[in-house]
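Open the model in your viewer and follow the selections below in order.

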Amino acid sequence: MRTLLACTSCGQQLAQWAGRCPGCGAWGTIQERSGGTGASKVALQTLEHDGGVERRVPTGFAGIDRVLGGGLVPASVTLLAGEPGIGKSTLLLQLVANLSAAGLSCLLASGEESRAQVAARARRLGVAGDAVAFISGRELGTVVDAAGSSEPFLLAVDSIQALRDPDAGQVPGGPAQVRSCTDALVGLAKAKGIAVLLTGHVTKDGDLAGPRTLEHAVDVVLTFDGDPRSGLRMLTGGKNRFGAEGEVAWFEMTGAGLAEIDPTGLLLSGDGEPGAATALPQAGRRALAVEIQALVAPTDGPARRQVTGLDGRRFQLVAAVLDRAGIRLGRSDLFGASCGGVRVDDPACDLAVAAALASAATGVPTPSWTAFVGEVGLTGLVRSAPGMGQRLAAARAAGIRSVYGPSGGDASGLRIRPVRHVRDALTWASRGGGDRPT
Ligand code: TYD
Ligand code: MG
């Protein structure tokens with residue numbers, strides 16, 4: 001039987017694979033079809049496992065493999081989303097370098113930077129430039145055709161917003177452009193078995209303006225964040241068709257690129273200043289001790305609430321509950337942040353947010369070597385938190401001695417101070433002092 005190529009959209013038959021159907025103009029719709037008798041029959045498939053999805057290719061970063069669910073899956077499309085300057089291009093180039101070094105062919109399409117700029121970065125990272133195939137990543141057609149004919153293991157695109165489909169109209173980087181280019185690359189990945197890795201910019205307040213519209217089209221979404229001024233970076237797995245959501249890997253941006261690190265204890269300043277409290281958020285299959293910081297500044301104007309790394313709505317809710325519990329915050333600007341700017345949106349961090357705000361408002365430091373765990377409800381009652389075992393293990397690893405929070409989990413080596421209402425976790429704020437090390 002002869003193998004034919006045909007457009008899945010209009011049925012146009014082709015002798016040679018193309019990124020775009022010459023019949024209807026659709027991108028990524030040309031696929032193999034067996035037959036040749038004219039009256040084409042659709043060959044039905046079964047769901048029997050063919051093992052295809054099981055192949056995982058190590059990326060050279062143990063943490064990234066874990067976040068991906070075991071490694072890169074061939075023919076999958078992964079979005080690496082993050083703010084400008086966070087290190088997406090750096091990570092992409094390091095991944096390409098690792099895979100190339102493992103003997104897998106990679107094609108890097110950059111519309112963000114010129115070949116000379118990428119080459120300079122490669123030199124800085126100690127990547128052998130001749131191992132990486134490069135094309136400009138501005139024209140969708142060029143990228144799809146180049147990848148379609150060279151069939152690399154990985155096509156890395158930096159960024160999806162810099163790519164342009166002349167037929168999709170609208171502004172470059174706009175939703176219609178981003179959708180159209182993504183659809184084309186998804187079609188390419190599936191038709192040619194190429195793993196595609198796209199970077200996508202998100203805006204400062206975490207809004208995935210462009211990329212959000214393409215999240216459903218890709219197989220895996222990875223979010224890269226941290227405070228660009230600090231070296232610490234966190235890679236979190238979001239949607240993942242091949243693995244668990246929420247797994248996390250930690251990196252430090254060094255002079256020679258991104259290096260994987262163990263974050264235990266790194267996210268605590270431990271300086272005993274008022275306005276800081278330790279939370280124990282879950283991060284993937286583990287938990288981590290992270291300092292939450294708050295600042296309360298009286299104002300005559302409209303009161304602002306501003307957060308970095310924290311969930312803005314939960315922050316406001318906790319502030320309102322505290323206000324009702326007698327810690328006056330209403331006429332003040334409130335600022336909240338997580339140490340290193342790492343994203344902390346676990347509701348069980350509410351109690352630490354409350355403690356940091358209460359400490360900032362009263363000027364009394366939270367007791368040292370103490371952590372706070374629990375979700376605060378509108379009434380001020382503190383709900384229990386899942387994964388107490390992991391949280392307490394993280395507390396022990398970071399040298400914490402006592403934990404305000406609901407009971408549960410192995411508390412050995414820790415003093416648990418049971419909390420029912422948010423007030424129960426703030427007794428130190430009126431007294432001062434606490435578990436100061438002797
Ligand atoms: P970049 O990867 O360009 O970020 P993005 O693609 O997300 O916009 O890198 C961001 C910053 O990282 C840049 O300001 C310079 C810095 N950097 C280092 O500190 N060390 C390095 O080795 C490299 C390559 C970059
Ligand atoms: Mg970049």
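Select helix H4 (residues 140–150) and helix H5 (residues 175–192): they pack at an angle of about 5°, with axes 11 Å apart. H4 is therefore roughly parallel to H5, the term for angles under 35 degrees. Axes are lines fitted to C-alpha atoms over the stretch in contact, and angles run from 0 to 180 degrees between N-to-C directions. Helices are DSSP runs of H or I with at least four residues, strands runs of E with at least two, numbered from the N terminus.

Now show side chains: Leu140, Val143, Val144, Ala147 and Gly148 of H4 meet Cys181, Ala184, Leu185, Leu188 and Lys192 of H5 (contact: heavy atoms within 4.5 Å). This contact has eight nonpolar, one polar and one charged residues. Ala, Val, Leu, Ile, Met, Phe, Trp, Tyr, Cys and Pro count as nonpolar, Asp, Glu, Lys and Arg as charged, and the others, Gly among them, as polar.

The model is predicted; local features need pLDDT of at least 70 and side-chain atom pairs pLDDT 80 or more, while totals for chains, interfaces and linings use all residues. Residues are numbered from 1 along each chain as written, chains are lettered from A and ligands numbered from 1 in written order, and side-chain values use heavy atoms, without hydrogens or water.

Next, select ligand 1. Its surroundings comprise 16 residues, the closest being Gly85, Ser89, Thr90, Thr254 and Gly257 (a heavy atom within 4 Å). Helix H2 (88–101), helix H3 (115–125) and strand E11 (248–254) each supply at least two residues of this shell.

Conventions
Angles under 35 degrees count as roughly parallel, over 145 as roughly antiparallel, 65 to 115 as roughly perpendicular and the rest as oblique.
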